[in-house]
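Open the model in your viewer and keep the selection panel at hand. The tour goes stop by stop, from one element to the next.

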Amino acid sequence: MEKVVFKRPRYMKEAPFHYCPGCGHSIIHRLMAEVIEELGIGEKTIGVPPAGCAVLAYDYFDIDMGEAPHGRGAAVATGIKRTLPDKIVFSYQGDGDIAAIGTAETIHAANRGENITVIFVNNSCYGMTGGQMAPTTLLDQNSTTTPGGRDKDRDGTPIDLSEMLALTQGAVYIERTAVNSIKNIRKTKKAITKAFKIQMAGLGFSLVEILSPCPTNWKMSPIDACRWIDEDVAQTFPLKVIKDETD
Amino acid sequence: MDKKLLMRGSQVIGEAAIRAGCRFYAGYHITPQNELPEFMSGAMANLKDGTFIQAESELAAINMVLGASMAGARAMTSSSSPGISLKQEGISFLAASELPAVIVNTMRGGPGLGNIAPSQGDYFQATRGGGHGDYRTIVLAPAYGQELADLTRKAFEYADRYRTPVMILADGMMGQMMEPVIFPDPVNLSELPSKLWILNGAKERPSRIIKSLILSPVAMEEHNWKLARKYEAISGEIACAETYMTEDARLVIVAYGTAARIAKGAIKRAREMGLKVGLLRPVTLWPFPGRAIREMSRLIKDFLVFEMNTGQMVEDVRLSLEGRSNTHFYGRPGGVVSTPDEIGRVISSLYYRRRLEED
Ligand code: SF4
């Protein structure tokens, strides 16, 4: 008899990803679909995709999905969750979406303790628009709008949004993980599971920040991109549980 | 329930919204409409299924409404002119994603921060869509306390029926005025037609997507035409105007909202002087009741448009008349409220200048 060792998760549509080879979005999508299936919440989960490379997330997740304008994921998710408190609601946002144009919406959703889950994909640049500087771009990192690399005096320093959010009373659980190695991918899945469980228990705002490779805009091979996350990105954005009120 | 209640305009909108089944309100306070979010906070707290959120910004408020609408709620936000500018992003997304919502604009003097006095400076913004892209917003223009209640009910009905954002365009005068109102009975939410497009979890049905991104130009074109067909249907079905003393009129004033009430006072004075003047008051600003004006042009050769701005609706009157009659304009922008006497003088001077007293 054949034994199935790998299959498409129940809540992924049969559609090939449009993401670049080596992009972290594909891995994160799969992890989320697995978690949704394992927790048995696929029929009551509503996702809010962002503007950015992941805008087409609704073409991949086989659950109800409602698009938010750029940066407004937490506000849209708030409206859905308050209307249907028994459903599981997540927003999926990139670093530019959440930490620049949508900073206010995110901080206040956390501060209100909205019982939603935010998946924050940090690839330290604006991917879809071609690699401009994001608020999370590292110092000296090249981008299409930081000639010579990000300069502290000219461009400011990378913003620690997750640490900022942890200061709000309403944030229950915030962890930063990465998807650049098998070990980190496993940890990421654990963190996503925990975040959803916190929402299912009605405890409040949960967020997982995931350091994710963007080989295209980093102009690196996928393998080098994964290595660069360990060597550089995680030095600025250390992988750790930033806040956990459930302990 | 037919008990007359004396209430402030902003609160009338709030009470009527609750009775229309509004269960989600998010807003950011701005003068002259602060009484509305304040009212909603109390009213929603008294409902077991009501949500009030004092949002951190106008952007957050309209996007919370977007989410609530996706989830099936009758949802509302409100603001005044500068705040409505900020909401335009969300209104464009609502229109594009075909989501119902009610937005109240209690207009104040502008542009910029302007002032907090009553104005009609946002007519273009309201009726031309306001935000980016090829869309329209239904715009209802109440003039009386009772109409604030009736049109608020209608706003929610139209929003659901056409799956599109509806704006109630009031002004600071209307928001503050106390008038007696009889409210319609509360809607029974369970009796409303169920919405088969909402996001409430894909249980025993295929998953749904609500979005406005359509990358293929051909598909985007088709979506635009689909919206256009809907707007055409709306234009044919709900355009509405009130007429007053127009039967024998030689001159018809076209005015809406507070300006129409001032014009009514002026018309009464003009009638006392023997001038045959009437009023046409658009109740829907979009769709504009152009046909009512066009039909009137068979008998009326002179229209005087009076607005509390430098001339915005006058363009729609001219477009409706297509040169059949003369269009005159009188306006006071910036929050200045004309008196009926002032408008009476404008009427009589125009009347005699155009020799309308002669047969
Ligand atoms: S540009 Fe970067 S983030 Fe976007 S799909 Fe490609 S690799 Fe992924």
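**Stop 1: a helix on a sheet**

Select helix α2 of chain B, residues 35–45. Helix α2(B) lies across β2, β3, β4 (74–79) and β5 (101–107) of chain B, with contact meaning heavy atoms within 4.5 Å. Its direction is about 140° to β2(B); axes are lines fitted to C-alpha atoms, for helices over the stretch in contact, and angles run from 0 to 180 degrees between N-to-C directions. Helices (H or I, at least four residues) and strands (E, at least two) are DSSP runs, numbered from the N terminus.

This is a predicted model: local features need pLDDT of at least 70, side-chain atom pairs count only at pLDDT 80 or more, and totals for chains, interfaces and linings use all residues. Residues are numbered from 1 along each chain as its sequence is written, chains are lettered from A and ligands numbered from 1 in the order in which they are written, and side-chain values use heavy atoms, with hydrogens and water left out.

**Stop 2: the sheet**

Now show the strands of chain B. Seven of them form an open sheet, ordered β3-β2-β4-β5-β7-β6-β13, with mixed pairing; strands pair if DSSP finds at least two bridges between them.

Zoom to β2(B), residues 22–27. Four bridges link β2(B) to β3(B) in the parallel sense. Pick Gly27(B): its bridge partner in β3(B) is Gln54(B).

**Stop 3: across to chain A**

Which strand of chain A is joined to β9(B)? Select β2(A), residues 64–66: two bridges join this strand to β9(B), and the two run parallel. Met65(A) stands opposite Ile209(B).

Next, pick Arg205(B) and Asp64(A). They form a salt bridge (a side-chain nitrogen of Lys or Arg within 4 Å of a carboxyl oxygen of Asp or Glu). Their closest N and O atoms are 2.5 Å apart. The count between the two chains is three salt bridges.

**Stop 4: the whole interface**

Select the 35 residues of chain B in contact with 31 residues of chain A. The chains bury about 2500 Å² between them, 61% of it on carbon and sulfur atoms. Buried area is the accessible area (1.4 Å probe) that two parts lose on being put together, summed over both. Glu56(B), Ser207(B) and Ile209(B) lose the most area on the chain B side, together 19% of what that side buries.
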